[in-house]
Amino acid sequence: MRSLVLIGHGSHLNPESAAAVYRYAELLRQRQVFDEVVEGYWKEEPSLRQVLRTCASTDVTIIPMFISEGYFTETVIPRELGLGHQGPVPPEGVARTLGGRTVRYTLPYGVHPAMTEVILERAREVLPDADGSDTALIIIGHGTTRNENSNKVVHHNAALLRERGIFSEVHALFLDEEPKVTGWRERVSARRVVMVPFFASEGWHTLETIPEDLSLEGTVTTFTAEDGQEGQGEQTVYYARPVGTHPAVADVIVQLALEARGASVSGGDHATEHRAAWSALLERARQGLRMGEIVVQFQNGLYEIRHALDEGRSAETLTTLVTPEGLRDHTRLDERGEHRPVHTLRNLRRGWRAVVTEDDLPHAVHTLYPAVVEEGYAYSTHNLRPTPWPTTAKRQTGIYARVQKATPEQVEHVAQDVCGGCLKTRIWAGQRLSQTFLDGVPGAIPCAEACTFLVAEIREEVAGKRGQGGGHH
């Protein structure tokens, strides 16, 4: 048995940030190359600290769903996963044994050689008749001063495509470092210009920042000669979709996994505690389960899940969902249309019912409450180790290192506000549960460590910006 884990960044604010990872996970599940495909996130759930516990296998391969090497792939992800590795990841990846699991961690998919062809595919989509004599290609990268490796893959692909002579010019330009994409007209002389964002997903930068900064009006924008810009004639820009959302990325992910250090064909065993946790959940579900804000009933060989406040409502008055993916998409937003990065906040929307098979029930419950079953079972068997706030704070780096300066009073003030709306009990702060939802107490859910949402809010509190909308969520 083999588990594949896709790690995305996620967002506390933007529900679309995780969409590409969700889609690739679905594609890879359909291919059945791996026994399971699990998603994990830095800013959403299951978190990087939880995701290994959600894997059913003792054989795990982890792919960072990032477009380039950098701070997250070299520092944050290995640190949060407990890999004991910092810095550049070798080409064959990193292999460790963690909690009885063999864990392999690879390079981000964006640095794989096959991504050069994905760039070309994106360019051809918006301009099928590209002619090298009058067409330039601009590969747009994010760029950062935090890690010098982050721009290497963009420059490398630009050099490879330049050598192939398909375009008259090929440029690597960036949002946050030189050479900047905002100065493209000073560098490009070709009449037609294809711009391909080298980004992992559709998001704020690809949908807003780049079009606004460059005055793009959609897929095709024509710029006339500008006064004072000598020799600059009319130019037409063809703006492509980001490379990270191309279906061919699924092939790249599989290749990365199969090429990983110590990659296994036979795989591992079922993780004992994971199997026990879900067996306990299924036993409760067959009898009728109340968990958080949901109620699960076993009827005619199928399981119905609905909001507990919709109990008793006629099925005809509810939206019926029949797949875990449909349930996930329907409940990602609350009733006000706002993103729910923390699933145990008491804001699960009402008005739906999911009807799933026993095979799909674990995925459906995991969609609603990621890692809750595994952690709830671990707590009930005295195997959930809490991480106190000082330990969590000390681990933070980058812009979040500021939380190390938070006083206990500040931490408690923010926690009462943020965690007050959450179903979980703060085990990490010394609180205790005598029972869990597995014992029939719906809201008895343990929280082993401060989540990234709380960490971000504490950072804003220390910076004096909380409530001012100045966060990096």
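**Helix 1**

I began with the buried side of helix 1 in this predicted model, and found Ala20, Val21, Tyr22, Tyr24, Ala25 and Leu28 buried there. I then asked what these buried residues pack against. Their partners are strand 1 (3-8), strand 2 (36-41), helix 7 (249-259) and helix 9 (324-331). I also checked the length: helix 1 covers residues 19-31, 13 residues in total, and spans 19 Å from first C-alpha to last, close to the 18 Å expected. Just past the end of helix 1, I noted a positive phi of about 60° at Gln32.

**Helix 9 and helix 10**

Helix 9 turned up as a partner of helix 1, and I followed it next. I listed its buried residues as Pro324, Leu327, Arg328, His330 and Thr331. They pack against helix 1, strand 2, strand 14 (319-321), strand 15 (352-356) and helix 10.

How do helix 9 and helix 10 (residues 361-368) pack, at what angle and how far apart? I read an angle of about 15° and axes 9 Å apart. I call the pair roughly parallel, because the angle falls under 35 degrees. The crossing is right-handed. On the helix 9 side I see Pro324, Glu325, Leu327, Arg328 and Thr331; they meet His363, Ala364, Thr367 and Leu368 of helix 10. I sorted the residues of this contact into four nonpolar, three polar and two charged.

**Arg286**

I looked up Arg286 and found it in helix 8 (residues 272-287). Is Arg286 buried, exposed or partly exposed? It is partly exposed, because its relative accessible area of 42% lies between the 20% and 50% cut-offs. Leaving aside neighbours within four places in sequence, I found Arg286 in contact with Phe298, Tyr303 and Glu358. I also took its C-alpha separation from Val33, 253 residues away along the chain, and got 31 Å.

Most peptide bonds are trans, and most residues other than glycine have a negative phi, so I kept a list of exceptions.

- Glu45 and Pro46 are joined by a cis peptide bond, omega about -5°, and Pro46 is in the loop between strand 2 and strand 3 (59-64).
- Glu178 and Pro179 are also joined by a cis peptide bond, with omega about -5°; I placed Pro179 in the loop between strand 7 (169-174) and helix 5 (184-187).
- Ala371 has a positive phi of about 70° and lies in the loop between helix 10 and helix 11 (372-380). I count Ala371 as buried because its relative accessibility is 1%.
- His382 has a positive phi of about 65°, in the loop between helix 11 and helix 12 (389-395). At 74% relative accessibility, I count His382 as exposed.

Definitions and conventions:
Residues are numbered from 1 along each chain as its sequence is written. This is a predicted model: local features need pLDDT of at least 70, side-chain atom pairs count only at pLDDT 80 or more; totals for chains, interfaces and linings use all residues. Side-chain values use heavy atoms; hydrogens and water are left out. Helices (H or I, at least four residues) and strands (E, at least two) are DSSP runs, numbered from the N terminus. The expected span of a helix is 1.5 Å times one less than its number of residues. Buried means under 20% relative accessible area, exposed over 50%, partly exposed in between (1.4 Å probe, protein chains only). Contact means heavy atoms within 4.5 Å. Axes are lines fitted to C-alpha atoms, for helices over the stretch in contact, and angles run from 0 to 180 degrees between N-to-C directions. Angles under 35 degrees count as roughly parallel, over 145 as roughly antiparallel, 65 to 115 as roughly perpendicular and the rest as oblique. A crossing is left-handed if the near helix is turned anticlockwise from the far one by less than a right angle, and right-handed if clockwise. Ala, Val, Leu, Ile, Met, Phe, Trp, Tyr, Cys and Pro count as nonpolar, Asp, Glu, Lys and Arg as charged, and the others, Gly among them, as polar.
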